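Open the model in your viewer and keep the selection panel at hand. The stops below go from the ligand to the chain as a whole, and then to individual residues.

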Amino acid sequence: MEYDAIIIGGGLSGLTAASLLAKSRLKVVVIEKSYNPGGSCGIFKRNGATFDIGAAMLLRRTGHAPDDRALYQ
Ligand SMILES: Cc1cc2nc3c(=O)[nH]c(=O)nc-3n(C[C@H](O)[C@H](O)[C@H](O)COP(=O)(O)OP(=O)(O)OC[C@H]3O[C@@H](n4cnc5c(N)ncnc54)[C@H](O)[C@@H]3O)c2cc1C
């Protein structure tokens, strides 16, 4: 199979980049070493409870931060 872009890492950065490229009609594959995507923004489960690996809150645009619209689309 052929791809236009190969993204290494399925954290927020990789997933955002892949999503933007796919929206531009490029054929993209994301290679993730972990068993599920998300990286530091992912989750894990223990005994029926779900825990954040890292990020627990995503803040809305303030006008001062770099343009993060892609993250919220
Ligand atoms: C404890 C903690 C709390 C946080 N809290 C917040 C918060 O509340 N709000 C907030 O906005 N941000 C928070 N952050 C920051 C935020 O989680 C990270 O900035 C963001 O998730 C980083 O995303 P990333 O895609 O750049 O990197 P990562 O999330 O590190 O993703 C990298 C991915 O690449 C994969 N990978 C690495 N090497 C390879 C390889 N060779 N082959 C294949 N896959 C590979 C990894 O498995 C991982 O999934 C927190 C971070 C931590 C650690």
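Select leucine 12 and the ligand: a polar backbone atom of leucine 12 is 3.0 Å from an oxygen atom of the ligand. That is a polar contact, defined as a pair of N or O atoms within 3.5 Å; within protein, one atom must be able to donate a hydrogen and the other to accept it, and residues adjacent in sequence count only if both atoms are side-chain atoms. The model is predicted, so local features need pLDDT of at least 70 and side-chain atom pairs count only at pLDDT 80 or more, while totals for chains, interfaces and linings use all residues. Residues are numbered from 1 along each chain as its sequence is written, and side-chain values use heavy atoms, with hydrogens and water left out.

Next, select glutamate 32, where a polar side-chain atom lies 2.6 Å from an oxygen atom of the ligand. Then move to serine 40: here a polar backbone atom is 2.7 Å from an oxygen atom of the ligand. How much of the ligand's 1,000 Å² does the protein bury? Taken alone the ligand exposes 1,000 Å², and the protein buries 53% of that. Areas come from the Shrake-Rupley method with a 1.4 Å probe; for residues, only the protein chains shown count as cover.

Switch to a cartoon of the protein chain. Two helices and four strands are present, in the order β-α-β-β-β-α from the N terminus. These are DSSP runs numbered from the N terminus: helices are H or I with at least four residues, strands are E with at least two. The protein chain has 73 residues, and 14% of them are buried; buried means under 20% relative accessible area, exposed over 50%, and partly exposed in between (1.4 Å probe, protein chains only). Among contacts (heavy atoms within 4.5 Å) between residues at least 6 apart in sequence, 28% join residues at least 24 apart.

Select arginine 25 in the loop between helix H1 (12–23) and strand S2 (28–31). Its phi is near 70 degrees, a positive value in a residue other than glycine. Arginine 25 counts as exposed because its relative accessibility is 78%.

Asparagine 47, in the loop between S3 and strand S4 (49–52), also calls for a look at the backbone: its phi is positive, about 50 degrees, although asparagine 47 is not a glycine. Is asparagine 47 buried or exposed? At 84% relative accessibility, asparagine 47 counts as exposed.

Go on to glycine 42, in the loop between S2 and S3. Glycine 42 is buried, because its relative accessibility is 5%. Beyond four places in sequence, glycine 42 is in contact with Pro37, Phe51, Asp52, Ile53 and Gly54. Pick aspartate 52 from that list: its C-alpha atom is 6.2 Å from that of glycine 42, ten residues apart along the chain. Aspartate 52 belongs to strand S4 and is partly exposed, with a relative accessible area of 44%.

Isoleucine 43 is in strand S3 (residues 43–46) and has a relative accessible area of 36%, so isoleucine 43 is partly exposed. Not counting residues up to four places away in sequence, isoleucine 43 touches Asn36, Thr50, Phe51, Asp52 and Ile53.

Last, look for aromatic pairs. Rings of Phe, Tyr and Trp (its six-membered ring) pair if their centres lie within 6.5 Å; planes under 30 degrees apart count as stacked, over 60 as edge-to-face and the rest as tilted. The count by this rule is one aromatic pair. Select phenylalanine 44 and phenylalanine 51, which are stacked at 5.3 Å centre to centre with 20 degrees between the planes. Phenylalanine 44 is partly exposed at 29% relative accessible area, and phenylalanine 51 is partly exposed at 38%.
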